[in-house]
Amino acid sequence: MSSLKDIGVHVVHVGGNGNARAVLREVENLLQKLVEKGEESSIDLSGLPLSAEDYDLLEETLGEGEVVAEVHSLGPTRIHETGVPGVWWVTHYNDEDEVLAEFIEVAWCPEILLAPEDDVKDGLEALRARLFELKQESNHG
Amino acid sequence: MADETLLEILKRRGISRRGFLKFCAATTSLLALPPSMAVAVADSLGRLKRPAVIWLSFQECTGCTESLTRAHSPSIESLIFDAISLDYHHTLQAASGHAAEEAREHSMKADWGKYLLIVDGSIPLKDGGAYSTIAGISNLQMLQEAAAGAAAIVAIGTCAAFGGLPHAQPNPTGAVAVSDIIKDKPIINVPGCPPVPAVMVGVLAHYLTFGSLPDLDDLGRPRAFYGESIHDRCYRRPFYDQGKFAKTFDDAGARDGWCLFELGCKGPTTHNACATTKWNGGTSWPVQSGHGCIGCSEPDFWDAGGFYKALSTPVDSVTGAAAAAVAVGAAAGVAIGIANRQRKAQARAEHQTVTIEDLEK
């Protein structure tokens, strides 16, 4: 026997426990809220016990959309829009690639993708400082 | 530096607002709060100044510390070492001997009335507390001194919360829980043998975020994590409802993932977060790996009948008597001693041994 994979394990699929359907109904509700009132919200996926089958059902039903994004801050955060526009799958990882938290966000755009106001202000200052330096350099050159 | 807020510390380390937002989302999830609370969590964590924490370890196996240091969500480094000032923890701190004890005394003086006291392990009361001492100071004395200046106490692990294994019959050291000794301070019990790492971090995060104790149940446990039974949140619950039970650990039912109730699972009477939080970074948990819950976050779990006896099996009557006697106080130790001697004699007379059949009952 050369590797662990060679050990015969009989995998039995016992089916989901029905929680994926509950989550999907909640997504439907939240999406209606977004459409009617513009209210954004999200579902914490760690709150409900989902079996592997439930997870698959959830992913298959929502499908894959057009947008894939990755944020690098305190480890990667991977985001993709599902096949249902406005429904985003957001997974936060730490530096060791372990899942910290996982959400389904129902929003026009997930909050973590928007540039935070304070950071934008800091960025503006940094850019002006850089432009000032460039100007000094060209004056001396 | 001591007056820096958490947000300033993170910023100094080059972590952006996005990173902070992520940290708060993970913390909110950990606290089992609705995702919409993330903004409130961010607001209050951002303004947080590092509170001092003193951690005392008494009659314990260090399993709780082992478990805590393997917490990954939110990363323990950022929470423990940035969000709090851990001034004394004799396993984790670099200082030892007199220097360590000085650090504890200094922190107690500097933050008197404000520090958070964390205790793991039970406290032995028998024979003047001689069974466990640190730097020549009995656990009882150290606890009383440290508790006097604490804002609140977190009893980590079943030993500190309920007496745990040292408290199990015949309790040779007269071990008791923190709440048996300290009556005038708010105490949060975080039982488990060990507790789920995320739960320990979650309780600290809650205290840091809101500056107050979380909502507690009648045993002093945070409802956010201990509000529901293992059974209520178990993914095998549907099989229980359908009356599908594994009868042995290797029958067809066990292979199909049926309910482990008849194999002694204590899920219905145990309150903990294992079923949703899971262990080892969400990899698995006891019931998922095919073994029933042993009820380690409940008082006297060790003496609550066999691990492999179904809950419907009557529990040995001596257990109840001994538990009641301990509650009365140390003076009742004699009564337990007698009860246990009688039990021992009885056991010898009947020559009780555990057989395979017992395990399969």
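Modeller: Gladly! Let us begin with a term: a crossing is left-handed if the near helix is turned anticlockwise from the far one by less than a right angle, and right-handed if clockwise. Please keep in mind that this is a predicted model.

Colleague: Then which hand does the crossing of H1(A) and H2(A) have?

Modeller: Start with the two helices of chain A, H1 (residues 19–37) and H2 (residues 52–62), whose axes are 8 Å apart. They pack at an angle of about 35 degrees. The crossing in which H1(A) passes H2(A) is right-handed.

Colleague: Which class of residue gives five to the contact of H1(A) with H2(A)?

Modeller: From H1(A) come Asn19(A), Ala20(A), Val23(A) and Leu24(A). They meet Asp54(A), Leu57(A), Leu58(A) and Thr61(A) in H2(A). Sorted by class, this contact has one charged residue, two polar ones and five that are nonpolar.

Colleague: How far apart do the C-alpha centres of the two domains of chain A lie?

Modeller: The domain assignment of chain A places domain 1 at 11–109 and domain 2 at 115–141. Between the C-alpha centres of these two domains of chain A, the distance is 38 Å.

Colleague: Now to the place where the chains touch. Which element gives the most to the side of chain A that touches chain B?

Modeller: Chain A brings 26 residues to the contact and chain B brings 28 residues. On the side of chain A, the elements that give two or more residues are strand E1 (41–44), helix H3 (117–140) and strand E5 (99–106). By class, that side has 11 nonpolar, 10 polar and five charged residues. The element that gives the most to it, with four residues, is E5(A).

Colleague: What share of the residues in chain B is buried?

Modeller: Chain B has 19 helices and nine strands. Take contacts in chain B between residues at least 6 apart in sequence: 70% of them join residues at least 24 apart. As for burial, of the 361 residues in chain B the buried share is 44%.

Colleague: Why do the buried residues of H7(B) lie on the same side of the helix?

Modeller: Helix H7 (residues 139–148) of chain B has Asn139(B), Met142(B), Leu143(B), Ala146(B) and Ala147(B) buried. In general, an α-helix has 3.6 residues a turn, so residues three or four places apart point the same way.

Colleague: Which residue does a cis peptide bond join to Cys193(B)?

Modeller: Most peptide bonds are trans. One cis bond in chain B joins Gln169(B) and Pro170(B), with omega about 5 degrees, and Pro170(B) lies in the loop between helix H9 (164–167) and strand E8 (175–176). With omega about -5 degrees, the cis partner of Cys193(B) is Pro194(B).

Colleague: One more! Is Thr62(B) buried, partly exposed or exposed?

Modeller: Thr62(B) sits in the loop between strand E1 (52–57) and helix H4 (63–68) of chain B, and has a positive phi of about 70 degrees although it is not a glycine. To count as buried, a residue needs 20 or more other C-beta atoms within 10 Å, and to count as exposed, 12 or fewer. Thr62(B) has 13 within 10 Å, so its label is partly exposed.

Conventions:
Residues are numbered from 1 along each chain as its sequence is written. Chains are lettered from A and ligands numbered from 1 in the order in which they are written. This is a predicted model: local features need pLDDT of at least 70, side-chain atom pairs count only at pLDDT 80 or more; totals for chains, interfaces and linings use all residues. Two residues are in contact if their C-beta atoms, placed from the backbone, lie within 7 Å. Ala, Val, Leu, Ile, Met, Phe, Trp, Tyr, Cys and Pro count as nonpolar, Asp, Glu, Lys and Arg as charged, and the others, Gly among them, as polar. Domain bounds come from an automatic or database domain assignment. Axes are lines fitted to C-alpha atoms, for helices over the stretch in contact, and angles run from 0 to 180 degrees between N-to-C directions.
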